[in-house]
Structures are given as C-alpha cells and as structure tokens.
Amino acid sequence: MSNQSATFNNFGIQMGSILKKNMPFLILVSLVVLFSFIAPNFMTLGNLRTLIRQISFAGISAVGLIFVMISGGIDLSIGSQIVFGNVLLAIMMADWKLQPEVAIPLILVVGTGLGAINGLLCIKLKIHPLIITLGTSAIFKGVGYIINQSRNIMGFPDSFRWFGQGYIWGIPIPVIVLIIVALIGSFILTKTYFGRQVFALGGNEEAARLAGVNINRMKVLLFMICGFVSSITTVLLLSRVFAGQTMTGQGLEFDCLTAALLGGVSFKGGEGSIFGLMVGMLIIGVLNNAMQLATFPDFSQTVVKGAVLLIAVAFDVYQKNRKAKETVARVAA
C-alpha cells in the first residue's frame, strides 16, 4: 500500500508540474475557442492581425519588465515613462525640428536614464521597488503633463509614420520589433552568464551576493534595460498615434504585469521565460480584443482584467507555498 501511495503522490506531483508549465497555453486555447463563438468576427484574418499589432506595444515593454521581475523587483512606472517620453519626443520633432534619426536615439537615451533613476533610488534609499516606482511614476507622468501644456503636439516628418504604421512583407513594423526584442531577451536570459545572474538574484539575493554577483550594479542595469525597452515602445506608439498626447501609454504597466504573471513569471522573482510572457500577453490581447468585439462596456472590461490579475497573483503564491511545503516534506522524510 505504501508503494502505491508513493506512486500516486509522485504521479500527482508530476501532473501538477506539467499543468503549471502548460497552464498559460491551455488558458489561451480555451479563450480562443470560447470567443470564437461569442464574437463571430474574432477569428477573421483582419482581426487577428489587428490583435497581434495591439499587443505588440505592451509586449515590447513587457520584455523589459520581465528582467526586473525575474530579479525580484518590479517597475510600475513603465506607463508614465512612456507618457513623458512620448511628449518629449513629440516636442523634439515638432518644436525643436529635430529629424527622427536624431530624436529617436536621444529618446532611447532618455528612457534608459529614467530606468537608471529607478535603479539608483532603489539601492540608495533601500526601499522596495514597488514603492520607488510608484513614486517615480507620479513624477514622470506629472512632468509629462507640465511640458505638454494641455495640447496635442503635431507636425512630425512624414517619414516618422513608418515606425508605427509601416509594414515589411505584410507584417506590421511593431510586430517585427516585438519578435526581435523577444528573441534577444530570451537569448540573454537563457544563454548568457548575465541571464543566469538575473535568475540567481531573484532566487536568493544573499546567495547571489556570496557567489560574486554585484547586486547594486545588477539592479541598476536591469532597470536601465526596462527603461530602454519601454522607450522603444514610446517611439512606436507616437508613430502610430502621430500626435504627442499625455494619454498615450497610461496604464500600459497593468497589461505588462498581468501578462508576466499569467505567463509564469513569479511575483517573488527567480522564475519566468519570454515564451511564457508572450503567451500571457496573447491572453491579455485576446481578452481585450474579444470583449471589444462583443461590445462589453468599458468598466466591465476593467473588472475582468482586474480579476485576471488577482487570479494570476493568487496562483503564483499558491504554487510558491506548495513548492515550499513539498521541500519541507522531502527534508523531513
């Protein structure tokens, strides 16, 4: 009987591991099937192309966010960084008459600098990144509103449209950028020594320090990566909308965070993958797109997305606690 009990326990553990690993993909498939019936236009080629383009903007920023989250941190200022960068880039081209080939590299440097500010504040003040980035989020957004002066900034070079509205072989440019950024991010996290340090930092910060990882430098670098990647989103969104507005980018961090958690990135750090993140982003995209096609009221959509975030966090905490209990049980045995 004891052998049978052990066999069943092992089987249960293996099934749980398989389910955890594939749960995001199963959720995605279930949603696609469900909304295919609820919204008849959902599975059309035109709508699917629109869906992929819609998620590409948040998906790019989410790749930057995953570096911070795997290390055990969080960045809630992504949307506000984009608000500020969007207005500043618009002013560069419309008011200062800078050409895109000059303005774009400048805004990438600015975005990287905003990330560096987050990282430096975290290590100098020794306050949790959630609080730091909540504060800097308000600052970045406020400065964006101040320099915007309540106007729609227009008058960009027509060549700038290509970044957010152009195509290569029928594929929207933002989608191509997302694929490139995701592939580079995945390579760094899985194939480089730097990537192993990121996971080590999120798994056990003290152990990583004892192993020779420069904790403070790593934290600043990771926030800089997040800021740099979000500034890419800034360029694409401004090119897509083609007007400098303070509304552009607001709330983007919510979709990025939810997608990361749905895709298996642990809120406590040490776990996650770019593939899982992309599946999570597709889940968010399907929800947004299908609810719009099904004419769900805006407030109902907000409720659904909030519930999804809570479920994702609860599932992550449950998995962490379960793994901890299994470890204790094995040690006790």
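At what angle do helix 3 and helix 10 pack, and how far apart are their axes?

## Helix 3 and helix 10

In this predicted model, helix 3 (residues 78–94) packs on helix 10 (residues 215–241) at an angle of about 55°, and their axes are 9 Å apart. Helices here are DSSP runs of H or I with at least four residues, numbered from the N terminus. Axes are lines fitted to C-alpha atoms over the stretch in contact, with angles from 0 to 180 degrees between N-to-C directions. The angle makes helix 3 oblique to helix 10; under 35 degrees would count as roughly parallel, over 145 as roughly antiparallel, and 65 to 115 as roughly perpendicular, with the rest oblique. The crossing of helix 3 past helix 10 is right-handed, meaning that the near helix is turned clockwise from the far one by less than a right angle.

Helix 3 contributes Ile78, Gln81, Ile82, Gly85, Asn86, Leu89, Ala90 and Met93 to the contact, where contact means heavy atoms within 4.5 Å. From helix 10 come Cys226, Gly227, Ser230, Thr233, Thr234, Val235, Leu237 and Leu238. By class, this contact has 9 nonpolar, 7 polar and no charged residues (Ala, Val, Leu, Ile, Met, Phe, Trp, Tyr, Cys and Pro are nonpolar; Asp, Glu, Lys and Arg are charged; the others, Gly among them, are polar).

## Cysteines and helix 11

The count of disulfides, taken as cysteine sulfur pairs within 2.5 Å, is 0. The sulfur of cysteine 226 lies 8.2 Å from its closest cysteine sulfur, that of cysteine 256, which is too far for a bond. Cysteine 226 is buried at a relative accessible area of 0%, and cysteine 256 is likewise buried at 0%. Buried means under 20% relative accessible area, with a 1.4 Å probe and protein chains only.

Cys256 is one of the buried residues of helix 11. In helix 11 (residues 252–262), 10 of 11 residues are buried. Just after helix 11, glycine 264 has a positive phi of about 100°.

## Isoleucine 153

Isoleucine 153 sits in the loop between helix 5 (129–148) and helix 6 (161–165). This residue is buried, with a relative accessible area of 1%. Leaving out residues up to four places away in sequence, isoleucine 153 touches Val87, Ala90, Ile91, Ala94, Asn148, Ala243 and Gly244. Isoleucine 91 is 62 residues from isoleucine 153 along the chain, and their C-alpha atoms are 7.0 Å apart.

## Basis of the values

Residues are numbered from 1 along each chain as its sequence is written, and side-chain values use heavy atoms, without hydrogens and water. For this predicted model, local features need pLDDT of at least 70 and side-chain atom pairs count only at pLDDT 80 or more, while totals for chains, interfaces and linings use all residues.

Methods
Helices (H or I, at least four residues) and strands (E, at least two) are DSSP runs, numbered from the N terminus. Buried means under 20% relative accessible area, exposed over 50%, partly exposed in between (1.4 Å probe, protein chains only).
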